[in-house]
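Please look over the structure shown below before reading on. The report that follows takes up a pocket, a helix, a loop residue and several charged pairs in turn.

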Amino acid sequence: MGKTERGKGTKLMAVADRDGLPLAVYAASASPHEVTLVEATLAEVLTAERPQRLIGDKAYDSDPLDAELEEQGIEMIAPHKANRNKAPTQDGRPLRRYKRRWKIERLFAWLQNFRRVAMRFDFHDENYLGFVHLGCIRILLRCYL
C-alpha cells in the first residue's frame with residue numbers, strides 16, 4: 001500500500017494528568033517524528049500551569065528535547081534507546097515514574113471507543129480534531145459526574 005489521496009495518515013498527540021484525563025490533544029500529519037510535535041502539543045494545554053514532568057516512551061529519548069524542556073522547567077522522563085551512543089542522562093530514580101505511562105495508553109483506548117475518532121472519516125483536520133475534543137469532553141464528564 002502506498003500513499004492515499006489524504007496522505008499517510010494522522011498522528012494524535014496527547015498530554016494527560018496523573019489520572020489519565022486529557023489536558024491537551026494535538027493532531028498532526030503522520031510523517032514527522034513525535035519529538036518534533038512535543039512543543040505544539042504543549043501549546044494546546046488547557047490548564048493554567050504546564051506539566052512539571054512528561055513521561056514518554058523510547059522515541060522521546062532526545063538530548064535536544066531534554067534541553068528544550070529543561071529551559072521551560074519540565075522534566076522529560078523517557079528510557080534510553082538501545083542504540084544510544086552518548087552517555088546516559090537518566091538513572092533509575094526518575095524512571096520509576098515510567099511505570100505510570102499506562103495511563104496515557106488508557107486515554108487513547110478511551111478515545112478509540114468513539115468510532116468517529118477511531119476511523120477518521122473526516123477529510124478536514126479541524127473537523128477531526130473537533131470530534132477528538134468532544135471525545136475528551138465526554139471522558140472528562142464521565143469522570144467528574
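## The largest pocket

Six residues, the largest share of the lining of the largest pocket, come from strand E1. This is a predicted model, and its largest pocket holds about 1,000 Å³ of space. Of the 34 residues that line this pocket, the closest to its centre are Val 15, Ala 16, Arg 53, Leu 54 and Ile 55.

Strand E1 (10-16) is one of several elements here, for E1, H1, E3, E4 and helix H4 (102-112) each supply at least two residues of the lining.

In helix H2, which covers residues 63-71, the residues Leu 65, Asp 66 and Leu 69 are buried. Seen down the axis of H2, these buried residues fall within an arc of 100°, and they therefore line one face of the helix. Against what do the buried residues of H2 pack? They pack against H1, E3 and strand E4 (75-77).

The face of H2 that is turned away from the buried side carries the exposed residues Pro 64, Glu 70 and Glu 71. Just after H2, the chain comes to Gly 73, which takes a positive phi of about 85°.

## Glu 44 in its loop

Glu 44 lies in the loop that runs between helix H1 (34-43) and strand E3 (53-55).

Which residues does Glu 44 contact, leaving aside its neighbours within four places in sequence? With those neighbours set aside, Glu 44 is in contact with Leu 23, Ala 24, Val 25 and Tyr 26. Leu 23 is 21 residues apart from Glu 44 along the chain, and the C-alpha atoms of the two are separated by 8.2 Å.

## Charged pairs

Side chains of opposite charge can pair when their charged atoms come close. In this model, the count comes to nine salt bridges. One of them joins Lys 11 and Glu 34, with the closest N and O atoms 3.6 Å apart. This pair links distant parts of the chain, since Lys 11 is in strand E1 and Glu 34 in helix H1, 23 residues apart. Lys 11 counts as buried because its relative accessibility is 17%, which is under 20%, whereas Glu 34, with a relative accessible area of 22%, is partly exposed.

Glu 75 forms a salt bridge with Arg 53, and here the closest N and O atoms are 3.6 Å apart. Glu 75 lies in strand E4 and Arg 53 in strand E3, so the pair ties together parts that are 22 residues apart in sequence. Glu 75 is partly exposed, with a relative accessible area of 29%, and Arg 53 is partly exposed, with a relative accessible area of 34%. A further salt bridge is formed by Arg 116 with Asp 122, where the closest N and O atoms are 2.7 Å apart. Are these two partners buried or exposed, wholly or in part? Arg 116 counts as partly exposed at 36% relative accessibility, while Asp 122 is buried, with a relative accessible area of 6%. Salt bridges that share partners also join Asp 61, Asp 63, Arg 84 and Lys 86 into one network.

Key
Residues numbered from 1 in each chain as written. Predicted model: local features only at pLDDT ≥ 70, side-chain atom pairs only at ≥ 80, totals over all residues. Heavy atoms only, no water. Helix = DSSP H or I, 4+ residues; strand = E, 2+ residues; numbered from the N terminus. Contact = heavy atoms within 4.5 Å. Buried < 20%, exposed > 50% of the residue type's maximum accessible area, 1.4 Å probe, protein only. Arc of directions from axis to C-beta. 1 Å grid on protein atoms, 1.4 Å probe; cavity = no way out; pocket = protein on both sides within 12 Å on 5 of 7 lines; lining within 4 Å. Points joined across faces, edges and corners; volume = space filled by probe spheres on them. Salt bridge = Lys/Arg side-chain N within 4 Å of Asp/Glu carboxyl O.
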